[in-house]
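Let us walk through this fold from its overall layout down to single side chains. Keep the viewer open as you read.

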Amino acid sequence: MMNVAQIWPALMNLVFMALLISSLYLLGTSRIGALISTAGAQGVLLAVLPLFPQVGEFSYHAILLAVASGLIKGALIPWLLLYALRDANIKREVEPYVGYSLSLAMGVAFIAISFWFAAKIAGVDSDGATASFVAVAISMTLCGLFIIASRKKALTQVIGYLTLENGIYVFGVSLAAHQPFVVDMGIFLDVFVFVFVGGIVGFRINRTFDSIEQIAESEEES
């Protein structure tokens, strides 16, 4: 039977595994509603990360980060995106620049490379927690960048940006115990993402535009 000291690392590894599987799912599905729901689930998983003992001592910074992240990433942003989805009346990303099978293969390659790189730079860590944080952070960042570059619909590209930002968040959580200002930066970034997504919803993107680039071009022309 596992003791308390073994339960926390096992739970954290489960959270990491769920984050990686959800990132692969984002690469492999065309249904935009499912993409938004998965991004929201990632937000809830990320919210519990600061509360693990491996991150550091239980503090008000950890509680603040967990509550703010859960509220913004797990509830407000998915709600805004679902609102935009209903308004845009689209269901799927039909013709991405890169097919879904190849996207999944790229995701697996990103994860493998990330764990190899993390083991190289954090191999001296005794419990492997730092290496896991770095590997998951890099994996999610690469997956997010790939989604942004390989999809056409602005809503899907926003999901890619959220995945990228989630990767940055994972890396920031690993530093939160030693660098408390990272908590403030993480919350600021979450608020920025919320405003960013709200702005896109305000433009009613998919009625008129196909991608974030076209939104920017349109703004410059107006």
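The model is a predicted one. On that definition the chain holds 9 helices and 0 strands. Along the sequence the pattern reads α-α-α-α-α-α-α-α-α. The chain has 222 residues, and buried residues make up 45% of them.

Start with helix packing. Helix α5 spans residues 129-150, and its axis comes within 7 Å of the axis of α6. The two axes cross at roughly 165 degrees. An angle over 145 degrees counts as roughly antiparallel, so α5 is roughly antiparallel to α6. The crossing of α5 past α6 is left-handed. What residue classes make up the contact of α5 with α6? There are 15 nonpolar residues and 9 polar ones in it, and no charged residues.

Helix α6 also packs with α2, which covers residues 32-48. Here the axes lie 10 Å apart, at an angle of about 15 degrees. Angles under 35 degrees count as roughly parallel, which means that α2 runs roughly parallel to α6. This crossing, α2 past α6, is left-handed.

Now turn to the charged side chains. How many salt bridges does the count give? The count comes to 1 salt bridge. The pair is Glu165 and Lys73, whose side chains meet at 2.3 Å, N to O. Glu165 sits in helix α6, residues 154-175, and Lys73 in helix α3, residues 60-88, so the pair ties together parts that are 92 residues apart in sequence. Are the two partners buried or exposed? Residues under 20% relative accessible area count as buried. Glu165 has a relative accessible area of 3%, so Glu165 is buried. Lys73 has 5% relative accessibility, so Lys73 counts as buried too.

Helix α3 also holds Ser69. Ser69 is buried, because its relative accessible area is 0%. What does the side chain of Ser69 contact? It makes a polar contact with the side chain of Tyr169, at 3.1 Å.

Ser103 lies in helix α4, which runs over residues 100-122. Its relative accessibility is 0%, so Ser103 counts as buried. The side chain of Ser103 reaches a backbone atom: the oxygen of Gly99, at 2.7 Å.

Last, look at Asp190. Where does Asp190 lie? Its place is in helix α7, residues 181-202. Asp190 counts as buried, because its relative accessibility is 1%. Asp190 and Ile77 are 113 residues apart along the chain, and their C-alpha atoms are separated by 9.3 Å.

Helix α5 is roughly antiparallel to α6, while α2 is roughly parallel to α6. From α6, Glu165 joins Lys73 of α3. Finish at Asp190 in α7.

Methods. Residues are numbered from 1 along each chain as its sequence is written. This is a predicted model: local features need pLDDT of at least 70, side-chain atom pairs count only at pLDDT 80 or more; totals for chains, interfaces and linings use all residues. Side-chain values use heavy atoms; hydrogens and water are left out. A salt bridge is a side-chain nitrogen of Lys or Arg within 4 Å of a carboxyl oxygen of Asp or Glu. Helices (H or I, at least four residues) and strands (E, at least two) are DSSP runs, numbered from the N terminus. Buried means under 20% relative accessible area, exposed over 50%, partly exposed in between (1.4 Å probe, protein chains only). Axes are lines fitted to C-alpha atoms, for helices over the stretch in contact, and angles run from 0 to 180 degrees between N-to-C directions. Angles under 35 degrees count as roughly parallel, over 145 as roughly antiparallel, 65 to 115 as roughly perpendicular and the rest as oblique. A crossing is left-handed if the near helix is turned anticlockwise from the far one by less than a right angle, and right-handed if clockwise. Ala, Val, Leu, Ile, Met, Phe, Trp, Tyr, Cys and Pro count as nonpolar, Asp, Glu, Lys and Arg as charged, and the others, Gly among them, as polar. A polar contact is a pair of N or O atoms within 3.5 Å; within protein, one must be able to donate a hydrogen and the other to accept it, and residues adjacent in sequence count only if both atoms are side-chain atoms.
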